[in-house]
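What follows is a walk through one protein model, beginning with a pair of helices and moving on to the sheet.

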Amino acid sequence: MEDETRLPHTQQAFNSFGISDDEFSLFQELIYKMVGIYLNQGKKMLLISRLSKRLRMLGMTTFRQYYDHLLSSSTDQDELVRFINQVTTNKTDFFREIHHFDQMKSRLLPMYVANSKKNGTKDIKIWSAGCSTGEEPYTIAITVAEYMKTLQAGIPVKILATDIDTGVLKHAQEGVYRTDRLSGVPEELRASYFRHLPDGNWKVEPQVREMVKFGRFNLMHQFPFKFGFDLIFCRNVLIYFTPQDRRDLILKFRSMLRPSGCLILGHSESLIADGLGFKSLGMTIYQLPDQK
Ligand SMILES: C[S@@+](CC[C@H](N)C(=O)[O-])C[C@H]1O[C@@H](n2cnc3c(N)ncnc32)[C@H](O)[C@@H]1O
């Protein structure tokens with residue numbers, strides 16, 4: 001599977017803290033319990049590089065001190081949130097795995113629009129689970145907007161975008177990106193859906209931002225939703241979880257899909273949904289059969 005957490009050697013050389021096996025085990029267990037991310041032994045350097053700066057800021061010299069600090073009742077919640085923000089891996093892009101958006105426009109959205117007419121559902125609901133800095137949900141919104149332009153009468157589409165990391169959610173909500181981050185966005189879509197700011201950055205236009213609602217949510221928790229989704233994107237998130245947790249999460253996603261709804265995974269997560277009651281539409285798109 002693709003590993004987005006490998007560190008360049010130069011970065012490793014700057015780390016001044018060491019971590020013992022016992023200390024690493026403590027953090028491994030804590031991170032797993034809090035967010036389900038399982039760091040194997042090979043991720044020691046990653047943990048050191050992500051947390052060293054914070055240890056230095058707090059005047060600490062060992063990882064054990066930081067661990068005790070995190071667990072101390074006098075430590076405020078903000079420190080735990082900051083800690084979690086440091087351990088997540090947030091790599092993402094606009095139009096990442098573009099075939100999913102091609103399929104959305106040519107096949108999935110037409111199907112859900114037809115279903116809504118047939119079943120009387122008033123909207124299409126989409127969830128970007130593990131949305132990082134917002135490129136995925138905004139790509140979904142742009143794809144929806146482009147598709148709706150081809151219809152005589154559109155239908156409301158609501159996009160929920162969630163992540164555990166408050167830092168990436170803040171960036172996502174602002175919707176401002178550097179020019180190099182937009183390299184995957186075709187020129188005509190950039191012109192229609194982004195505004196060029198005086199400082200050279202690009203801001204997602206309100207018509208797209210308004211389609212997406214962001215929120216912090218831990219996928220390891222029970223799902224609180226009272227409605228179902230037509231499409232759930234959970235791409236490049238499951239790779240950080242244990243095989244059992246991946247399976248449990250997919251079953252939870254399945255229970256949240258409306259009839260004919262689809263779960264879309266990342267390309268390196270292709271085998272995870274096999275045997276769990278989906279029909280594969282290819283390209284890591286998994287559809288719930290009509291009969292639940
Ligand atoms: C590699 S990014 C994938 C972003 C996007 N889905 C994509 O494919 O481009 C994985 C995201 O999952 C989030 N994540 C990891 N564990 C999570 C959890 N337990 N609950 C919610 N989000 C989580 C991380 O914070 C990170 O932003």
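In this predicted model, the axes of helix 6 (residues 99-119) and helix 7 (residues 135-148) come within 10 Å and cross at roughly 60°. Angles of 65 to 115 degrees would count as roughly perpendicular, and those under 35 degrees as roughly parallel. Helix 6 and helix 7 are therefore oblique to each other. The crossing in which helix 6 passes helix 7 is right-handed.

On the side of helix 6, the contact is made by Phe101, Met104, Lys105, Leu109, Pro110 and Val113. Helix 7 contributes Thr139, Ile140, Thr143, Val144, Glu146, Tyr147 and Met148.

Seven strands form an open sheet in the order 6-2-1-7-8-10-9, and the pairing is mixed. Its edges are strand 6 (212-216) and strand 9 (279-280), each of which pairs on one side only.

Within the sheet, strand 1 (residues 124-129) pairs with strand 2 (residues 157-163) in the parallel sense, over six bridges. Opposite Ala129 stands Thr162 in strand 2.

Two further helices pack on the sheet. Helix 8 (residues 166-174) touches strand 2 and strand 6, and its direction makes about 165° with that of strand 6. Helix 11 (residues 243-255) touches strand 1, strand 7 (229-234) and strand 8 (257-265). The direction of helix 11 makes about 145° with that of strand 8.

Notes:
Residues numbered from 1 in each chain as written. Predicted model: local features only at pLDDT ≥ 70, side-chain atom pairs only at ≥ 80, totals over all residues. Heavy atoms only, no water. Pairing = 2+ DSSP bridges. Helix = DSSP H or I, 4+ residues; strand = E, 2+ residues; numbered from the N terminus. Contact = heavy atoms within 4.5 Å. Axes fitted to C-alpha atoms, helices over the stretch in contact; angles between N-to-C directions. Parallel < 35°, antiparallel > 145°, perpendicular 65-115°, else oblique. Left-handed = near helix turned anticlockwise from the far one by under 90°.
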